[in-house]
Amino acid sequence: MQKILVGIKRVVDYNVRVRVKPDGSGVATEGVKMSVNPFDEIALEEALRIRERGEATEVVAVSIGPDDAQQQLRTALAMGADRAILVKTDQPIEPLTAARLMLEIVKKEQPDLVIVGKQAIDDDSAQTGPMLAALWDKAQATFCSKVEIKGNTLVILREVDAGLETIEVDLPAVISADLRLNEPRYVKLPDIMKAKKKPLDVIEIASLGVDTALGLKPVLTEAPKPRAKGVMVKDVGELVDALKKKGLV
Amino acid sequence: MSKILVIAEHDGEKLAQATARSVTCAAQIPGGEITVVVFAADPAAVATQAAALKGVSRVITVAAPHNGQALAAILAPQVVKLAAGYTHVFGASTTFGKDLMPRVAALLGVPQISDCMAVEGAHKFKRPTYAGNALVTLEAPSDRIVVATVRTASFDAAATGGAASVEAVTVEVALPSHTRFVSVQAAKSDRPELTSAAKVVSGGRALASKDNFQLIFSLAEKMGAAVGASRAAVDAGYAANELQVGQTGKIIAPDLYVAVGISGAIQHLTGIKDAKTIVAINKDAEAPIFEVADFGLVGDLFEVLPKLEAALAG
């Protein structure tokens with residue numbers, strides 16, 4: 001295979017406890033640490049391993065987001081992506097729009113494989129991968145925990161509710177990375193220096209000719225109601241009594 | 001009037017409880033009429049179960065050899081063809097629904113509402129974001145079909161006792177050959193299923209080995225509970241992937257959840273916050289799991305679990 005495209009989303013870091021804005025207009029993201037979506041790191045790692053095994057020649061990282069998303073693309077380049085593309089926008093982009101924009105990039109780049117994370121940890125939508133596969137009219141494999149390349153076919157192990165499912169998909173295809181697909185590498189300092197010289201193209205979103213208006217209008221963002229405060233029990237006897245009282249054991 | 005198409009999830013014999021929960025969500029749409037569609041090689045048994053769900057007015061079956069396994073690429077074009085005439089298409093937010101529904105939505109050219117947790121109108125829905133730390137109410141365009149996945153932990157299963165009509169249909173549509181089912185390795189067990197169990201016992205990293213994790217299975221057996229695990233326990237290989245509870249695993253709402261040796265990262269808590277009663281057993285008194293626990297016990301799980309089992313046996 002020649003080229004692998006990897007989706008990289010800039011998200012609020014995994015360790016940040018987000019706060020809902022008091023006016024209900026969204027969550028406060030100003031001054032908050034931003035990172036590459038962890039599932040996208042796994043997606044990229046898989047692409048890099050495929051290339052390092054000699055089964056692909058080029059890995060291209062693609063992001064859709066604000067100018068600052070260049071930071072996340074530089075991280076992707078430092079991990080080992082050959083080049084990067086940023087579709088620049090300051091507007092919120094919903095998954096269907098992201099898939100349509102990715103399709104435009106796919107048409108230009110003609111990859112054999114697209115790898116994305118199974119979900120982004122900000123909106124938790126888990127839609128962009130399968131939506132892109134649908135629009136591209138190609139095969140999809142979501143929640144991948146193992147990917148094996150056999151000529152023009154991928155043999156995929158998927159993490160499904162029942163256990164583990166094996167399917168075969170013909171290339172080109174879109175696959176989404178689950179947690180246990182691999183463990184992404186750490187970026188080393190010399191790689192960060194090298195990444196600064198790698199090509200990063202910034203494309204204005206308008207140039208792709210996709211309608212980017214939100215289909216779903218956010219009306220209100222609110223914090224969940226906290227659970228009522230519980231009690232500490234001193235030993236097993238007290239715990240069992242409490243559960244018996246509630247009829248739970 | 002709203003016409004809602006609910007995609008049945010099943011293993012060829014049994015309708016998933018996730019579908020009964022999706023029907024409850026669909027029934028909250030004002031003035032809605034619910035149709036359940038069963039794709040299968042032989043849909044008879046599943047169709048009978050779907051027809052018995054209260055609130056369902058019609059079941060349609062699409063029997064075909066290629067529907068013997070649930071492949072999104074095969075099912076999506078059929079769902080799209082059937083969707084004409086409906087105002088809503090719902091599937092459960094399970095790995096089945098998360099695989100299929102976005103493909104359906106994209107082919108229909110509409111955005112999808114993932115993990116619907118509350119219906120606030122025919123086109124207004126609430127869903128969790130940021131691992132459940134921010135709830136967003138979204139309004140979908142009223143002139144387009146609505147595609148949504150249902151957060152099953154937010155809805156009870158629809159009661160049985162209904163008697164909907166069952167009707168076989170054929171769907172003429174070109175299907176791709178690029179995707180093929182090979183096999184599924186399903187963990188066979190007599191224990192209750194994790195997402196529908198009334199009681200769940202979950203183990204975390206503190207179990208420290210796959211052998212020790214047997215303590216969780218043993219307690220679960222004594223309690224008639226399903227077994228769950230934290231991501232840390234699954235990543236470490238102590239428990240199978242399908243047992244993972246949390247943001248990126250299963251979202252559950254049992255009557256009783258017992259968290260053993262689980263610290264309680266927000267990503268885990270989002271998977272259990274709808275549990276009616278949460279018990280936490282952890283040796284770290286500062287563990288965040290105690291912030292959400294109804295009953296907390298600070299102690300070494302290797303001392304607590306044998307005592308707990310003995311107390312439950314007595």
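Mentor: Happy to. Let's begin with the domains: the assignment for chain B gives domain 1 (2–168) and domain 2 (199–313). Please keep in mind that this is a predicted model. The C-alpha centres of domain 1 of chain B and domain 2 of chain B are 31 Å apart. Where these two domains touch, domain 1 of chain B supplies six residues and domain 2 of chain B supplies nine residues. On the domain 1 side of that contact, you will find two nonpolar, three polar and one charged residue.

Now look at a pair of helices in chain B, α5 (residues 214–223) and α9 (residues 301–313). Their axes come within 10 Å and cross at roughly 15 degrees. Because an angle under 35 degrees counts as roughly parallel, α5(B) is roughly parallel to α9(B). The crossing of α5(B) past α9(B) is left-handed. From α5(B), the residues involved are B:Leu215, B:Ser218, B:Leu219, B:Lys222 and B:Met223, and they meet B:Leu305, B:Leu308, B:Glu309, B:Leu312 and B:Ala313 of α9(B). Sorted by class, this helix contact has seven nonpolar, one polar and two charged residues.

Next comes the neighbour. Chain B puts 67 residues in contact with 63 residues of chain A.

Strand β11 of chain A (residues 163–170) pairs with strand β11 of chain B (residues 179–186) in the antiparallel sense, over seven bridges. To find your place in that pairing, look for A:Thr166, whose bridge partner in β11(B) is B:Ser183. As background, strands of a sheet pair through backbone hydrogen bonds, either parallel or antiparallel.

There is also an open sheet with strands from both chains: four strands in the order β14(A)-β8(B)-β7(B)-β6(B), with antiparallel pairing. Its edge strands are β14 (217–222) of chain A and β6 (118–121) of chain B, each pairing on one side only. From one strand to the next, the twist averages 30 degrees.

Note on methods: Residues numbered from 1 in each chain as written. Chains lettered and ligands numbered in written order. Predicted model: local features only at pLDDT ≥ 70, side-chain atom pairs only at ≥ 80, totals over all residues. Axes fitted to C-alpha atoms, helices over the stretch in contact; angles between N-to-C directions. Helix = DSSP H or I, 4+ residues; strand = E, 2+ residues; numbered from the N terminus. Parallel < 35°, antiparallel > 145°, perpendicular 65-115°, else oblique. Left-handed = near helix turned anticlockwise from the far one by under 90°. Contact = placed C-beta atoms within 7 Å. Nonpolar A, V, L, I, M, F, W, Y, C, P; charged D, E, K, R; others polar. Pairing = 2+ DSSP bridges. Domains from an automatic or database assignment.
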